[in-house]
Amino acid sequence: PSCFGYPLSIFFIIINEFCERFSYYGMRAVLVLYFKYFLQWDDNLSTAIYHTFVALCYLTPILGAIVADSWLGKFKTIVSLSIVYTIGQAVMAVSSINDLTDQTQDGSPDNIPVHIALSMIGLILIALGTGGIKPCVSAFGGDQFEEDQDKQRSRFFSIFYLSINAGSLLSTIITPVLRAQECGIHSKQRCYPLAFGVPAALMAVSLVVFIAGSGMYKKAKPQGNIMVQVSKCIGFAIKNRFRHRSKEFPKREHWLDWASEKYDKRLIAQTKMVLKVLFLYIPLPMFWALFDQQGSRWTLQATTMDGNFVVFSPYVHLQQTVNPILIIIMVPVVDVVVYPLIKKCKINFTPLRKITVGMFLASLAFVAAALVQVQIDKTLPVFPAAEQSQIKIINLGTDNASIKFEPELGHVDVASMGSTGYMIFETSRLQSLTVTSGNKTQLDTIELPGGKRHTLAVKNNKTDLVVKWLLDNVTSKPEEGNNLIRFLNNLPDPVNVTMGETSFGNLAPLSDSNYELFPGGRQDGITVVRNSITCLHTSKALGFGSAYTIVINECSRDNLTVTYSEDISPNTVHMAWQIPQYFILTCAEVVFSVTGLEFSYSQAPSNMKAVLQAGWLLTVAVGNIIVLIVAGASKLSEQWAEYVLFAALLLAVCIIFAVMAYFYTYVDPNEIEAQFDEEEKNQVKKDPDLYENKAEADSEM
């Protein structure tokens, strides 16, 4: 049965792919955050394990291709590995339930190794499942078409890619929202079980949909273990060539022709086609090395930016949704508008030229990322080294104050109710300071611990001059766009302070609270109780990634006066600046990835489609391993420099690939196979016995 000229069965395959990709990308969207905030790993370990997992997901397709092509066939392989996959997703969801080991009921798991072990088992099962079915699903879809349906098949690969990205888009929007919910039996936490549980449910749906279409599929029978035959053929050719290396043996056209003593011409011709394409694949992993950093480095880059979007709630990981949104727009635009335009201009835009352009664009995207990173670095706070101290002055009095750092280390004037930024001093040289305010002067000797930030609160009380040191326990910029807030009581009476849902407790006069964490981009109500009088105030918008000391100056009926002293400035580079790098990378992906899948299919002999699909996916695995190697080997302390390094590496690889592509000649596997069929028919007519003997020899092989 067909619909709009397409076999009806492909609609089941596309829905199945949509659900499976939702499941995979949904889980992957919160994976780095799960490692970092639930398993408490640092940035580098989280990035490394993330890329190891992705690499594993793209290594297992080889296994899937062998199983499908030589043993179970594509249909049974997809079904059986989908079951493994669903179990893996379920284990992952269980691993993230903190009540599993939270005996003390304090909201954090007591036995982290149990969670690590479970999540690793889950991830290995997922990698086996997703990887094993990957080369089979797209090739199984391609099998549903007749030989004369080239145009429809080509369109199918584009629709297939769209369904991947539609699943990816929805899951990268929905899963972070699910994670942000609060859930738990004993204490409310970020809801990872829900964020991993929904993908697990969708994987089960995907499996059911795929089995439902069973009656309509064209199921090609597995044609023997092709990979083993190809490997043996190559091995024999090399061995035979080595044996006949002396001058007296005539040269052969191609080194694989040395296998002709033992293997038939058809297998040799097919192996030549596959090797030609695999040789072209050698430079491609570099593209994926850059592309897959969207989920790690670029996600972490976004956490240091201003995420104040009107459309998106702050906890939607906007940057991960930009790519699939753009893909859904760009695939049809490129297919229907850009390619026909290029054709009209009489430019022959071959698949390999498209891939070259894709690599160049990805390199450009990383230059854009580096430029954004340079701007971000300008806004990052500087923290003191071990032998330094940072001092900031807050003047809490109504008179101006002047502070002199001795011996001869400079002086600073602070207006009434004003504050300074942090000043850096060599701790060993700083001995004393002289504070003058109004008509009073005070000398203070200083002994500060190195490597810390301090605030000096100064107040001329009319009766005496108060000088008080406060230790600022902030050692890094708040993550995930959160803000740090503390209060300083500048009233003569003790007060009780609450902001939003968070209580800061009782503060004595001229004392400060601890810093507390608040989500970015919000305005919270501040409640101060002083001698049974309650004063209310709504905080100003504090942006993302800032730290403030809020000074309480006045609390009388209906009036609460506060001043904000900025300890760490909020992220000022807006997340929208990431859109150009995502846009360029998406254009790169459209011309690179869609073309690559189609090119692999069109250049592969009929019995080696899944082998070449697996080869294509293997380039993704190698790309992720390159990230681990380059990031580990390059001792670059600056993130922008690492981006430039990756861009330069890809540009170099792009030039090499362009040269290789120039010398590649396209083949039509069907035509070549038809020639062999013709030859065999003629052979049978001439000598039926010879053909029977050959068939027996083949089956013994």
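Colleague: This is a predicted model. How far is the sulfur of Cys 19 from the closest cysteine sulfur?

Modeller: A disulfide needs two cysteine sulfur atoms within 2.5 Å. For Cys 19 the closest cysteine sulfur belongs to Cys 136 and is 18 Å away, so the distance is too far for a bond. Cys 19 is also buried, at 6% relative accessible area.

Colleague: What about Cys 587?

Modeller: Cys 587 is in no disulfide either, as the nearest cysteine sulfur, in Cys 654, lies 15 Å away. Cys 587 counts as buried, with 16% relative accessibility.

Colleague: How many disulfides does the rule give?

Modeller: The count is two. With bonded cysteines counted along the chain, the pattern is 1-2, 3-4.

Colleague: Which parts does the pair Cys 535 and Cys 555 tie together?

Modeller: Cys 535 sits in strand β18 and Cys 555 in strand β19, so the bond links parts 20 residues apart in sequence. Cys 535 is buried at 0% relative accessibility, and Cys 555 is buried at 2%.

Colleague: Why is the disulfide of Cys 183 and Cys 191 called right-handed?

Modeller: Handedness is read from the torsion about the S-S bond, which is about 100° here, so this disulfide is right-handed. For Cys 535 and Cys 555 the torsion is about 80°, so that disulfide is right-handed too.

Colleague: Is Cys 183 buried or partly exposed?

Modeller: The cut-off for buried is under 20% relative accessible area. Cys 183 has 21%, so it counts as partly exposed, whereas Cys 191 is buried at 5%.

Definitions and conventions:
Residues are numbered from 1 along each chain as its sequence is written. This is a predicted model: local features need pLDDT of at least 70, side-chain atom pairs count only at pLDDT 80 or more; totals for chains, interfaces and linings use all residues. Side-chain values use heavy atoms; hydrogens and water are left out. Buried means under 20% relative accessible area, exposed over 50%, partly exposed in between (1.4 Å probe, protein chains only). Helices (H or I, at least four residues) and strands (E, at least two) are DSSP runs, numbered from the N terminus.
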